[in-house]
Amino acid sequence: MNTFTLLTIIGAAALQQVDAFSLPNTPQDRRSMIQQIVTASATVAALPSFPANALLDNASRDVPAFAGGIAEGKERLKLAIADIDDLLNNYDVITKSGGDNVRLYLGTQGVKSHMYGIMKVLKSLKEEADDIVEYTEAMDSFEAYKNQAEGAAYQSMFVEHSSAKGTPESFLKTAKGDIVNLRKYMGDLAAQLHLDV
């Protein structure tokens with residue numbers, strides 16, 4: 001069976017023009033079927049495409065583990081900052097599905113965000129900083145806020161079923177405050193490395 005025949009069968013089935021994947025017998029039927037397939041293909045091609053910076057979800061491509069190197073580390077930090085900026089700019093949309101989406105952006109749930117493995121990246125760049133003491137202090141503060149944000153986002157998923165006081169929304173609000181603070185420290189780290197972000 002050649003590719004054209006296979007595509008014709010699939011297209012016809014999708015358009016519900018053919019019963020049990022059998023081709024029509026007359027040339028007129030084939031012609032109209034092909035016209036419908038072409039029309040359907042043009043409709044699919046006209047659908048909007050997603051921008052390169054579309055919001056993360058579980059269908060997003062995986063971010064590979066950090067292999068090491070100064071250039072890769074600096075680029076990874078810039079991309080991680082962009083992910084956090086996306087999180088903050090779209091926080092209300094992202095949190096509609098719950099705290100797991102926040103954790104996805106923080107790199108603590110899944111490997112879709114450039115925040116995945118960020119501490120290894122930051123530690124590898126320590127020697128490149130203008131002031132290693134200030135860099136280390138900013139890195140420690142960043143890590144503390146990241147852990148707090150992750151904890152609040154995680155708790156937001158279970159607070160309704162526990163004896164803890166609060167609502168998912170209150171825990172997500174707390175997480176956002178921590179994310180704002182960790183973003184500040186990411187800016188300090190980037191400045192120590194002379195990165196334009």
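1. **Salt bridges.** The structure holds 5 salt bridges. The model is a predicted one.

2. **Lys112 and Asp62.** The side chains of Lys112 and Asp62 meet in a salt bridge, at 2.5 Å from N to O. The pair ties together distant parts of the chain, 50 residues apart. Both ends sit in loops: Lys112 between helix 5 (99–106) and helix 6, Asp62 between helix 2 (27–45) and helix 3. Lys112 counts as buried because its relative accessibility is 13%, under the 20% limit. Asp62 is partly exposed, with a relative accessible area of 44%.

3. **Asp85 and Arg183.** Here the side chains of Asp85 and Arg183 form a salt bridge, 2.6 Å from N to O. Asp85 is in helix 3 and Arg183 in helix 8, so this pair links parts of the chain that are 98 residues apart. Arg183 is buried, at 18% relative accessibility. Asp85 is partly exposed, at 25%.

4. **Asp188 and Lys184.** This bridge stays inside one element. Asp188 and Lys184 both lie in helix 8. They are 4 residues apart, about one turn of the helix. Their closest N and O atoms are 3.0 Å apart. Asp188 counts as partly exposed, at 32% relative accessibility. Lys184 is also partly exposed, at 45%.

5. **A network.** Asp100, Arg103 and Glu150 are joined in a network of salt bridges. Check these three side chains together in the viewer.

6. **Negative patch.** Which residues gather in a patch of negative charge on the surface? They are Asp130, Glu134, Glu137 and Asp140. Asp130 lies in the loop between helix 6 (118–124) and helix 7 (132–156). Is Asp130 buried or exposed? Asp130 counts as exposed because its relative accessibility, 53%, is over the 50% limit.

7. **Aromatic pairs.** A search of the whole structure finds 2 aromatic pairs. In one, the ring centres of Tyr145 and Tyr185 are 6.0 Å apart and the planes stand at 20°, so the pair is stacked. The cut-off behind that label is an angle under 30 degrees. Tyr145 is in helix 7 and Tyr185 in helix 8, 40 residues apart, and the pair links distant parts of the chain. Tyr145 is partly exposed, with a relative accessible area of 24%.

8. **The tilted pair.** Tyr154 and Phe158 make an aromatic pair as well. Their centres are 5.1 Å apart, with 55° between the planes, and the pair is tilted. Tyr154 is partly exposed, at 40% relative accessible area. Phe158 is partly exposed too, at 41%.

9. **Backbone at His194.** The phi of His194 is near 60°, a positive value in a residue other than glycine. Why remark on that? Most residues other than glycine have a negative phi. His194 is found in the segment after helix 8 (168–192). This residue is exposed, with a relative accessible area of 58%.

10. **Lys78 and Val197.** How many residues apart along the chain are Lys78 and Val197? They are 119 residues apart, and their C-alpha atoms are separated by 6.5 Å. Lys78 lies in helix 3 (residues 70–89). Lys78 is partly exposed, with a relative accessible area of 32%.

11. **Overall fold.** What elements does the chain contain? There are 8 helices and 0 strands. From the N terminus on, the elements run α-α-α-α-α-α-α-α. Of the 197 residues of the chain, 35% count as buried.

12. **Helix 8 in review.** Several of the points above meet in this element. Helix 8 holds Arg183, the partner of Asp85 in helix 3.

Key:
Residues are numbered from 1 along each chain as its sequence is written. This is a predicted model: local features need pLDDT of at least 70, side-chain atom pairs count only at pLDDT 80 or more; totals for chains, interfaces and linings use all residues. Side-chain values use heavy atoms; hydrogens and water are left out. Patches are made of residues with over 30% relative accessible area and no salt bridge: like charges are joined within 9 Å, nonpolar side chains (Val, Leu, Ile, Met, Phe, Trp, Tyr) within 5 Å. Accessible areas come from the Shrake-Rupley method with a 1.4 Å probe; for residues, only the protein chains shown count as cover. A salt bridge is a side-chain nitrogen of Lys or Arg within 4 Å of a carboxyl oxygen of Asp or Glu. Lys and Arg count as positive and Asp and Glu as negative; His and the chain ends are not counted. The place of a charge is taken as NZ of Lys, CZ of Arg, CG of Asp or CD of Glu. Helices (H or I, at least four residues) and strands (E, at least two) are DSSP runs, numbered from the N terminus. Buried means under 20% relative accessible area, exposed over 50%, partly exposed in between (1.4 Å probe, protein chains only). Rings of Phe, Tyr and Trp (its six-membered ring) pair if their centres lie within 6.5 Å; planes under 30 degrees apart count as stacked, over 60 as edge-to-face and the rest as tilted.
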